[in-house]
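Hi,

Here is the structure I said I would pass on.

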Amino acid sequence: FPFPYTPYRIQEQFMEALYGALEAGRVGIFESPTGTGKSLSLICGALSWLRDWEEKRRQEEARLLALGAGGQDGLSPQQARPGSTDTAGQPDWVTAFVQKKEERDMVERLKEEQIRKKKREDRLEKIRHNVHLKYAAKRKRCEEDEAKRLLQLSKEALSQGAGEGALDQLDHNEEELILAEYDSDDEKKVVSGLEEDDDDLEEEHVTKIYYCSRTHSQLSQFVREVQKSPFGKDTRLVTLGSRQNLCVNEEVQRLGALQLINDRCMEMQKNKREKKSNEENEGKKRCVSRTVCPFYSYEQMQFLRDEVLAEVQDIEQLVSLGRETKACPYYGSRFAIPAAQLVVLPYQMLLHEPTRNAAGIKLKDQVVIIDEAHNLIDTITCIHSAEVSGSQLCCAHSQLSQYMERYRKRLKAKNLMYIKQILYLLEQFVAMLGGNVNQNPGYQAVSQTGTVLKSINDFLFQSQTDNINLFKIQRYCEKSLISRKLFGFVERYGGPASAVKTNKENQKLAGLQNFLLTLQQGSDKEGTSQSPPVEAEHNQLRTASPLMQIEGFLSALTNANQDGRVILNRQGTVGQSSLKFLLLNPAVHFAKIVEECRAVIIAGGTMQPVADFREELLCCAGVDSARIVEFSCGHVIPPENILPIILCSGPSNQQLEFTYQTRDLPQMMDETGRILCNLCNVIPGGVVCFFPSYEYEKQVYGHWEKTGLLSRLAAKKKIFQEPKKANQVEQVLVEYAKCIKRCSQTGGQMTGALLLSVVGGKMSEGINFSDDLGRCVIMVGMPYPNIRSPELQEKMTWLDKTMPRAAGQAPSRVLIENLCMKAVNQSIGRAIRHQKDFASILLLDHRYTRPAIFNKLPQWIRERTQVKPAFGSAFAELRK
């Protein structure tokens, strides 16, 4: 395997196992601890396989072409004996003729494909080596812009001379708010946005690797690794992202909320198509000029596509390239998918089928690598779950009925029918929460509070909406862009009164504004409304249209009855209550990926416990167990660089067991404090201590303050607490690191810092406590999830019904243990980040010694773990 430096032995093993899995078309679960160069192993292993595979195909094609050129009959002598018949009862010469025709067709196809490939490769070579080309394209664009500007100026001069003719009683901005005629029930083929016919349009998808990870920063990091690898020069790589990350149109970017950006973009494209057809029908009627996106130009995007394929670029480089070439990076990068060898994309895009189809991603016979996959099951569940609050339902109902009233005369019957159905749905949903749509949801008290779970069918029957075809409604919302029109309407009439000219019509609307304002303030209090960052005085009116949230909920209700539940959460008022859809069976959405792909690799730093991937995800998705391979490699650090200890009792022989019942006892909190005090005396640098929840961390901290233990701790280490707000995390970490650095340089009483963290909080994932930042990681108790949560209880019941019992344990029990140990493994894996790093890991709870739990620790930690019944011997080991 080509590698930028001499690989570790475990990296070689990793690449060999990966190569084997891709070659045999398996589904692999790969675990390689952080700090062992996992990304590079993935890149070099997978791209080596791809290179060999392409080479094999090339040879096979060359062989076939040679056969075709030699004009051989491709018949063996015994086949060609006249008069004999084959098993199907057809004369041999017929079979032979058909075979020859198939071979000839295939050779023709191959020839065409090779010509296309050659063209593409020449084009990319040119771009790589020819700077003039870039500038020529740039110059051409500047000239076009200049011509456009002059044309615009002359048009304006003319129109000012002529005086504006008020041709329509609606001004043209309002014209945009009216729904177009809708007749998509019989699924007409939608025109693609590319009318230009071009030989590249229907480009063949070459065999490629789709690599996905959780966050954009992880993807950028991965792309930089590819750039540094031996494959960095000649791999055709494209990075995909959302419009929010890739849009270069300032006016659209300003909308802030993802859904609004998407809708505005789609609308501009639609305008572009209409403009085309209107220019053809010029003169029939005066058409309203609507904005089209200047970056959505086919030529420029093709140019961008070639640039992207010629040189490996990450998202930032892609965006600046888009600005420079005046081409849309979002669509330009999509054009590059068919020819790319490596497509780098975020989770959501791959795992959510509608998004995948919209992006033009075809998985048939391709390879998918899902990195950072320890949360894969949760991620799939989250992507496909949806929640709407009572105030959103009421708000949408109010907006939609006002919209219908105002434009009733202009809307076609089909539109009115669908709007009425949506209004009916909203009404019934609010009634399910115990409210009435026509009253302010903030002031309607709910009679029976609490949480109720229902199957999808029960929910639809009880809300009396089972006679409405949700699939059709979903399609209508998508095609008619109704939420976008509604948003425009509210933006126009829901604004401050000064923006609206007074007349009779608007006195009616003043009531709507006041109502909208009360709704908005109601929902702001709960913090449910996601407002994009805009000017403050305008803020409360600029939340994304509530109908957008509701569309997500409606599409969730189209899942199969047994795969999900609807949770009715009734709290205080109707406005605060909510409906939530919970997906129980993530496998239904993963099955398609596993079926279509040639191979799927699920990789991560800590994948233990692996059982739930096998059972819940793969077996449920119908993967044959023979197709699943597991690979787990050790760590690159020498055994003596890590000291994991399970501690069963503290300095005063108090047994450590942090259950819900015992953890609040003063003696437990005292004992934890004593352990920390002792450790901080001998451990240099940083100590990170994880608590099972924010509440418990706060309680312990308060107790230590009262007993004076906190001040004893603070004499040795400066104490930091994990902030609850995400935007403060960075600052706390910077301070923590500065303090440790200062202490190590100056020496003296203070030896470093102590960071009190929470499992599953901001610090337990994706943050590195390398070297002095984490010389010891302490886990207080076992972070079991809250079993009282209705969602978890429903999931447990579902598992017990659908899954086989494993080794005498109920599947629900296994789930709880797996969730707990996944969280533990994520947190303790933060300390060792590279080959020379060293740290100690302390698990405070005697329950960690139980075999079922102990075996769920990562192998490289498990092998080196010592169980210490008493504190004395553990302390001696740590001291050493």
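Let's begin with one of the sheets: 7 strands make an open sheet, ordered β3-β4-β2-β5-β10-β1-β11, and the pairing is parallel. At the edges you'll find β3 (237-239) and β11 (628-632); each has a single partner strand, so one side of each is left without a neighbour in the sheet. From one strand to the next the twist averages 15 degrees. Do keep in mind as you click around that this is a predicted model.

If you want a residue pair to centre on, Y210 has V343 in β4 as its bridge partner. There is also a helix on this sheet: α24 (residues 611-619) packs there and touches β1 (27-31), β10 (599-604) and β11. The direction of α24 makes about 150 degrees with that of β1.

Now for another sheet. Here 7 strands form an open sheet with parallel pairing, and the order is β14-β15-β13-β16-β17-β12-β18. Its edges are β14 (717-721) and β18 (866-868), and because each has a single partner strand, one side of each is left without a neighbour in the sheet. The twist averages 20 degrees from one strand to the next.

Within this sheet, β16 (residues 776-780) and β17 (residues 839-844) run parallel and are joined by 5 bridges. V780 is a handy place to look, as it stands opposite L844 in β17.

Which strands does helix α25 (residues 666-682) lie across? The list is β12 (642-647), β13 (685-691), β14, β15 (752-758), β16 and β17, and α25 runs at about 170 degrees to β17. Helix α27 (residues 709-716) packs on the sheet too, touching β14 and β15, with its direction at about 115 degrees to that of β14.

Last, a helix to look at by itself. α10 (residues 298-310) has 13 residues and reaches 18 Å from its first C-alpha to its last, close to the 18 Å expected at 1.5 Å a residue. Of its 13 residues, 12 are buried, so α10 is largely enclosed by the rest of the structure.

Cheers

Conventions. Residues are numbered from 1 along each chain as its sequence is written. This is a predicted model: local features need pLDDT of at least 70, side-chain atom pairs count only at pLDDT 80 or more; totals for chains, interfaces and linings use all residues. Side-chain values use heavy atoms; hydrogens and water are left out. Two strands pair if DSSP finds at least two bridges between them. Helices (H or I, at least four residues) and strands (E, at least two) are DSSP runs, numbered from the N terminus. Axes are lines fitted to C-alpha atoms, for helices over the stretch in contact, and angles run from 0 to 180 degrees between N-to-C directions. Contact means heavy atoms within 4.5 Å. The expected span of a helix is 1.5 Å times one less than its number of residues. Buried means under 20% relative accessible area, exposed over 50%, partly exposed in between (1.4 Å probe, protein chains only).
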